[in-house]
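Here is a friendly briefing to read with the model open beside you. Take a look at the fold first, then follow the points below.

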Amino acid sequence: MSAEEPLIRVVRGVPTAEELAALVGAIVIRSRPAVAPAPKTASAWARSGRPAGPGGWRAAGLPR
């Protein structure tokens, strides 16, 4: 592919500027690698308020 060769060529029809922009936008979005967002971890402060272990919620309601 040379520098003068277009990346996209319209074979039939006369697209409007908006149609061409939509096509280019769709191609750009599809060409990006799909990366799953990293799972958010709870802060130590948030984890400290959660009952731990099996039956933790039940034990949290009991008097200490």
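E19 lies in helix α1, where helices are DSSP runs of H or I with at least four residues, strands are runs of E with at least two, and both are numbered from the N terminus. This is a predicted model, in which local features need pLDDT of at least 70 and side-chain atom pairs count only at pLDDT 80 or more, while totals for chains, interfaces and linings use all residues. Residues are numbered from 1 along each chain as its sequence is written, and side-chain values use heavy atoms, with hydrogens and water left out.

**Overall build**
- The protein chain has three helices and zero strands, arranged along the sequence as α-α-α.
- Its radius of gyration is 27 Å, whereas a compact globule of 64 residues would come near 11 Å (taken over C-alpha atoms; the globule rule is 2.2 Å times the number of residues to the power 0.38).
- The C-alpha trace spans about 75 × 25 × 20 Å along the principal axes.

- L7, I8, V10, L20, L23, V24, I27 and V28 make a nonpolar surface patch of about 640 Å² (patch residues have over 30% relative accessible area and no salt bridge; nonpolar side chains, namely Val, Leu, Ile, Met, Phe, Trp and Tyr, are joined within 5 Å, and like charges within 9 Å). A salt bridge is a side-chain nitrogen of Lys or Arg within 4 Å of a carboxyl oxygen of Asp or Glu.

**Residues to find**
- E19 counts as partly exposed, at 47% relative accessibility. E19 and E4 sit 15 residues apart in sequence and 23 Å apart in space, C-alpha to C-alpha.
- I8 belongs to the segment before α1 (17–31) and is partly exposed, with a relative accessible area of 36%.
- P63 is in the segment after α3 (56–60) and is exposed, at 75% relative accessible area.

How values were computed
Accessible areas come from the Shrake-Rupley method with a 1.4 Å probe; for residues, only the protein chains shown count as cover. Buried means under 20% relative accessible area, exposed over 50%, partly exposed in between (1.4 Å probe, protein chains only).
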